[in-house]
Amino acid sequence: MHRVAILLPATAYRAEDFIRAARAEQAEVVVVSDHMPTIGVAQRAGFVRVDFDKPESAADLICEAAGPLAAIIPADDAGVMVAALVAERLGLPHNPPAAVASTIDKSIARQKWAQAGVVQPRFSVVNANDAEQQSPDFGFPVVVKPVDRSASQGVIRADGLDELRLAVRRVGRLLGEGPMLVEEFVPGPEYAVDGLLDDGGFTPLAVFDKPDQPDGPYFEETLMVAPARLDGRGRVALLEATEQAARALGLRHGPIHAEFRRPPGGTFHVIEIAARSIGGLCGRSLRFSILGTSLEAVLVKHALGRPTVNLDARAPASGALMLPIDGGGTLVGITGTDRAAAVPGVVGVEITAPPGTELLPLPEGDRYLGFVFAQGQSATQVEAALRAAQHEIEVTWEA
C-alpha cells in the first residue's frame with residue numbers, strides 16, 4: 001500500500017477532503033501538522049507533528065518519522081516549502097525549493113517576473129519600519145501588501161501619500177518587521193486559474209472570475225465562478241500568461257493557483273502564484289468527469305503518478321461563496337443556512353467558524369465564516385444562486 005503524507009497546518013480546512021481522496025486510492029495516510037488533528041482525523045491517519053516555520057527540520061522529521069512515502073501533498077501555503085524539501089530528499093517529483101520560495105515571498109516573484117518580462121504591476125519593496133514613505137515613481141493609486149501572507153491579509157489600497165504612509169504603518173503593525181510591497185493598482189476584473197504542472201507541462205483545471213471585483217481599500221474575496229466569462233481568445237491569453245508566469249518562477253510539478261487582473265483594453269497582469277491548489281474549501285465547487293471526482297482526488301492521483309480522470313468539469317458552471325467577516329468580534333451565531341442550502345443550484349453550505357470564535361475582518365484577519373457551493377447551466381445562473389444564498393444567511397456578533 002502506498003503511503004501519502006498530507007501537510008495540514010492548523011489553519012487548513014481540507015483535512016477530511018484529502019484523507020477521503022487518499023483512502024479512495026487505497027493509500028495509507030500520514031497527516032503532517034503543527035497541531036493535534038481532530039479525533040476523527042487522528043483515528044483514520046498516522047500523525048507527525050512539525051513546525052512549518054522551520055522547513056529544514058520539519059523535512060528531516062518527516063523523512064525520519066513518516067516512513068517510506070509515495071507522495072507528499074501540501075494543503076496550503078504553510079506546507080509548500082516543506083513538501084518540496086521532502087520530495088527532493090526522497091527523489092519524488094517536485095518543484096525546486098528555490099521556485100517554491102518565490103511563491104512564498106512575493107518580492108522574489110516580482111523580481112523574477114521583471115527579469116523574464118512577465119506583465120505585472122509596477123512595484124517597489126519597502127521596509128515595514130520606515131513610516132516616511134515617498135510617492136512611488138509609478139504614481140497612485142497603489143496597493144500595499146506583505147510579501148508572505150495570503151487570503152488578502154494585510155492588503156490595503158492607498159490613493160495618495162498620506163494614505164500610503166498610514167497603510168505602511170498598519171501593515172507594519174501586522175508584520176512586526178520585514179519588507180512589504182508597494183504595487184501599482186491594476187483596475188479591471190480579476191481572474192483565478194487552477195491547474196497542474198507535470199514536468200513543466202500545464203493542464204488547466206478551472207478558470208474563475210470574481211463578480212464582486214475587489215477594488216479596495218481592502219480586498220476581501222467573496223464570489224468565485226467558473227468558467228470565467230471570457231471569450232475564447234481571452235481564455236487562451238490567460239492560460240498562456242499563467243504558463244509564462246509559472247515557468248519564470250521555475251515551477252515544474254504539482255498544482256498551482258494563479259491570480260490575475262486585466263485592465264480595460266489591456267493584457268493580463270499576474271498578481272501572484274501559489275504552489276498549491278485553490279484555498280479554503282473553494283475546491284468543493286469543482287467536480288470532474290461523469291463520476292463527479294473531487295479536486296482533492298485529482299491532486300492525489302497526480303501526486304501518486306496515476307492517470308487522472310477526464311478533467312472536463314462535470315457541471316457546465318460552478319462556483320463558491322466565501323462568507324465574509326463584515327464586522328468582527330466574537331461570533332455569536334449564524335442562522336439561515338438551511339434556507340441557503342435550499343436555494344436552487346446550491347449544492348452545499350459549510351460553516352467553518354464555530355460560535356464563540358473571535359474573528360478579525362480584513363486587513364488584519366485571514367479567515368472566512370464558511371463557504372457556499374453552487375452548480376448550474378451557466379456562470380450567470382451560479383452567481384445568482386450564490387447571491388440568493390448569501391441573502392438568506394444572517395450573522396450575529398458580540399463586540
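## Helices α3 and α4

The crossing of α3 and α4 is right-handed; that term applies when the near helix is turned clockwise from the far one by less than a right angle, and left-handed when anticlockwise. This is a predicted model: local features need pLDDT of at least 70, side-chain atom pairs count only at pLDDT 80 or more, and totals for chains, interfaces and linings use all residues. Residues are numbered from 1 along each chain as its sequence is written, and side-chain values use heavy atoms, with hydrogens and water left out.

Helix α3 spans residues 55-65 and helix α4 residues 80-90. Their axes come within 9 Å and cross at roughly 50 degrees. Axes are lines fitted to C-alpha atoms, for helices over the stretch in contact, with angles from 0 to 180 degrees between N-to-C directions. That angle makes α3 oblique to α4. The classes are roughly parallel under 35 degrees, roughly antiparallel over 145, roughly perpendicular from 65 to 115, and oblique for the rest.

From α3, the contact (heavy atoms within 4.5 Å) takes P55, E56, A58, A59, D60, I62 and C63. From α4 come M81, V82, L85, V86, R89 and L90. The contact residues divide into ten nonpolar, no polar and three charged. Nonpolar covers Ala, Val, Leu, Ile, Met, Phe, Trp, Tyr, Cys and Pro; charged covers Asp, Glu, Lys and Arg; the others, Gly among them, are polar.

## Helices α4 and α5

Helix α5 covers residues 97-104. The axes of α4 and α5 come within 9 Å and cross at roughly 180 degrees. The two helices are therefore roughly antiparallel. V80, M81, A84, L85 and E88 of α4 meet P97, V100, A101 and I104 of α5. By class, this contact has eight nonpolar, no polar and one charged residues.

After α4 comes G91, with a positive phi near 75 degrees.

## The sheet

Four strands form an open sheet in the order β3-β2-β1-β4, with parallel pairing. Strands pair if DSSP finds at least two bridges between them. Helices (H or I, at least four residues) and strands (E, at least two) are DSSP runs, numbered from the N terminus. β3 (46-49) and β4 (71-74) stand at the edges with a single partner each, so one side of each lacks a neighbour in the sheet. Neighbouring strands are turned by 20 degrees against each other on average, direction ignored.

Strand β1 (residues 3-7) runs parallel to β4, joined by four bridges. A5 stands opposite I72 in β4.
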